[in-house]
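Trainee: I would like to learn how to read surface patches and aromatic pairs. Can we work through a case together?

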Amino acid sequence: DSRLQTLLREGHSSTQSSHRLLAYSDALISIIATVMVGNTPSFELRESLQGLLTTKIGVYLMTFLIVTVAWAAHIRLFQVVVRIDDCLALLNLACMMLITFLPYTFSLMATFPENILGILLFCGCVMVIGSVIVLYAFSRPFLLNEQIQISENQTFYKHHILKVIMKVPIMCFFASIFSFIFFQLSYVLLAIVIFLPYISQCLKWCRSKAIGQVEETPDSMLFYTYLPNEPLSKERVEAFSDGVYAIVATLLILDICEDNVPDPTVVQKQFGGSLTAALRLYGPEYLAYFGSFATVGLLWFVHHSLFLHVTKATRFMGLLNTFSLAFVGGLPLAYQLTHEFPPNSHNELEAIQISCVIIFFAGIFQLAIWVVALYNEQETLHPYVRYGGREHVLMLAKLALYPCIALGTFFLTCILSKFSAPIFHLMEITVPFAFLVLRILVRLGLLNAGYLSVVWLHEPRQPQSGQAVTRRLLST
């Protein structure tokens, strides 16, 4: 025991905290997940944007989900591995390189679905990512969580955690094997990887109904599980989300920088050297940019307000957050589409309606996070924002505003299709003012309710019958 303690002390002295490595990893993964919206395979748009909906956006969403699954696994791993040495830092860099390569392999699968090379490259990357750091860290006990180091069941801990972590690499291994036999089954297995925690929970529930509850061995499932209610690192969820919002807000300006800078020769010949006159042609593009930036910024503001009140983020909340971020990442594409087609054309109408759908789902998944948090409010929310708390109404109004406005704009563009672009841009620009009005109205309502309750408590009253008290309450 003394020798083991000496080795642990010596190992601890040669290591450092993993905080900066994790911050770098979160930033890198958020960039890779987000910029893929501009790098998905291009498809010919003929008479409609329906092909875009089923191909480019679909490929992007699946790529985003796959990358975030790798990020979630990284979170779980580094809740066990709390310190790093030089070798582990280099191994993490190698894994980050493979994670950045995942979107390319997925693009190959989308472009050449019947060619197994894309599947093999993807599965190979996932298997390496899921095993290299694990095997190295578990061979160095001083890198692990202190709870594992001092535990009497250290061997059990290691076997249990390895069994959980290695599920995804094993699934990818079988997917690569089946790609030689029946490649369609490989895609099914890869899709299962995304929802594996929830499938595991369903299987566990079915097993408990069939054969009864299985008694867990000591310490099992208390420290590391694969269940939807398992807590994630709230700080890393916020850091990853902030990275996605920041990158999306930055990507919006790229189209303006590339496509909306007039040629000097054209300015001189057609506009008599007046740059102001030449830039007037790009007015709709600038309007779309400012509106889209305001949309991204306000969605981040709502997300920030939500997680400000959250005390613990569960795995299921993390999945809903991933879906919301995936649609937020599609906003640069939506911005590009809103001004890519001729005015009053059918393609422009469809592009604007696609933008409304993207904004709606980005907001509705934020609202879903709030609903899930309310379901377990004793564990996940601060007391003042729980049902009946002073901030509950304001938070609910903030989260419901964008889904309601996006849905209303969608149906309004269906009715007034000739004015779809002005309606959409007006919605984007006026929503910030709607947030201010909303806050004022909620505050006034709370003040009024507080005033009435104070008057009711301090007003002298005579003993009254039950019916009189009821009438008084109703009138108040």
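Trainee: Which residues make the nonpolar surface patch here?

Mentor: Some ground rules come before the answer. This is a predicted model, where local features need pLDDT of at least 70, side-chain atom pairs count only at pLDDT 80 or more, and totals for chains, interfaces and linings use all residues. Residues are numbered from 1 along each chain as its sequence is written, and side-chain values use heavy atoms, leaving out hydrogens and water.

Mentor: Now the general idea. Patches are made of residues with over 30% relative accessible area and no salt bridge; like charges are joined within 9 Å, nonpolar side chains (Val, Leu, Ile, Met, Phe, Trp, Tyr) within 5 Å. A salt bridge is a side-chain nitrogen of Lys or Arg within 4 Å of a carboxyl oxygen of Asp or Glu. Accessible areas come from the Shrake-Rupley method with a 1.4 Å probe, and for residues only the protein chains shown count as cover.

Mentor: In this model, Ile170, Phe173, Phe174, Ile177, Phe180, Ile181, Phe182, Leu185 and Val188 make a nonpolar patch of about 880 Å².

Trainee: Which helices each supply at least two residues of the patch?

Mentor: Helices are DSSP runs (H or I, at least four residues), numbered from the N terminus. Helix H9 (167-178) and helix H10 (183-194) each supply at least two. H9 gives the largest share, 4 residues. Phe180 sits in the loop between H9 and H10.

Trainee: Is Phe180 buried or exposed?

Mentor: Buried means under 20% relative accessible area, exposed over 50%, partly exposed in between (1.4 Å probe, protein chains only). Phe180 has 58%, so it is exposed.

Trainee: How many aromatic pairs are there?

Mentor: Rings of Phe, Tyr and Trp (its six-membered ring) pair if their centres lie within 6.5 Å; planes under 30 degrees apart are stacked, over 60 edge-to-face, the rest tilted. That rule gives 9 aromatic pairs. One of them, Phe327 with Phe365, is stacked, at 6.0 Å centre to centre and 20 degrees between the planes.

Trainee: What does the pair of Phe327 and Phe365 tie together?

Mentor: Phe327 lies in helix H16 (residues 315-329) and Phe365 in helix H18 (residues 346-375), so the pair ties together parts 38 residues apart in sequence. Both Phe327 and Phe365 are buried. They also belong to one aromatic cluster with Phe323, Phe360 and Phe361.

Trainee: What form does the pair of Phe410 and Phe411 take?

Mentor: Edge-to-face: 5.5 Å centre to centre, with 85 degrees between the planes. Phe410 is partly exposed at 23%. Phe411 is partly exposed at 48%.
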